[in-house]
Amino acid sequence: MEYPIPFSRYQEHMREGRFVGVRCGACGSVLFPPRAVCPECGGRAFSETELKGEGIIRTFTVIRVPPEGRKAPYTIVMVELSEGPYVLGNLLGLNPEEVGMELIGKRVLMKPQPVAGDLLLRGEFLVPGFYLV
Ligand SMILES: [Zn+2]
């Protein structure tokens, strides 16, 4: 496929429990979620690539003042996936009041998580969530 994966197809993959990103045809960077333009080189030609959904927490934050419609506290982690991309998502299964610096460097598995849409994306959709291994 020589064009970016549309959001609807990305969501279809997520509903199947699959993580399908794109590999830049120009520089080889793996992008997840799929994007229209490669942030590394500006390339616009991609091929699909399936990711394992494994990664390492590089940093995190606990949200205590949530956006409208969300309940706090919750933990957002930045994960480096084994294929290279950095992905933000909710850390699931741990009390946000009990997390600390020991999270950094921990291995996680990615799992699609349903969220209600916001003002831009209406309706329910799936985003990456993470569990400690
Ligand atoms: Zn590129």
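Me: Which residues does Phe 130 touch, not counting residues up to four places away in sequence?

Reply: A contact means heavy atoms within 4.5 Å. By that rule Phe 130 touches Val 77, Val 79, Leu 81, Val 87, Leu 88, Gly 89, Asn 90, Leu 91, Leu 92, Val 108, Leu 109 and Met 110, residues up to four places away in sequence being left out. This is a predicted model, in which local features need pLDDT of at least 70 and side-chain atom pairs count only at pLDDT 80 or more, whereas totals for chains, interfaces and linings use all residues. Residues are numbered from 1 along each chain as its sequence is written, and side-chain values use heavy atoms, with hydrogens and water left out.

Me: How many residues does the largest nonpolar core have?

Reply: In soluble globular proteins, nonpolar side chains tend to be buried together. A nonpolar core is a set of buried Ala, Val, Leu, Ile, Met, Phe, Trp, Tyr and Cys residues joined through side-chain atoms within 4.5 Å, where buried means under 20% relative accessible area, exposed over 50% and partly exposed in between, with a 1.4 Å probe and protein chains only. Here the largest such core has 26 residues, and those with the most contacts inside it are Phe 32, Ile 57, Val 79, Leu 81, Leu 91 and Phe 130. Its largest share, four residues, comes from strand 1 (residues 19–24), strands (E, at least two residues) and helices (H or I, at least four) being DSSP runs numbered from the N terminus. The core also draws at least three residues from each of domain 1 (1–51) and domain 2 (52–133), with bounds that come from an automatic or database domain assignment.

Me: What area do domain 1 and domain 2 bury between them?

Reply: Buried area is the accessible area (1.4 Å probe) that two parts lose on being put together, summed over both. For domain 1 and domain 2 this is about 1,000 Å², 76% of it on carbon and sulfur atoms. The elements that give two or more residues to the side of domain 1 that touches domain 2 are helix 1 (7–15) and strand 3 (46–51), and the largest share of that side, five residues, comes from helix 1. The centres of the two domains, taken over C-alpha atoms, are separated by 20 Å, and the contact takes 11 residues from domain 1 and 15 residues from domain 2.

Me: Are Arg 18 and Glu 50 buried, exposed or in between?

Reply: Arg 18 is partly exposed, with a relative accessible area of 32%, and Glu 50 also counts as partly exposed, at 45%. In strand 3, Thr 49 is buried, with a relative accessible area of 15%.
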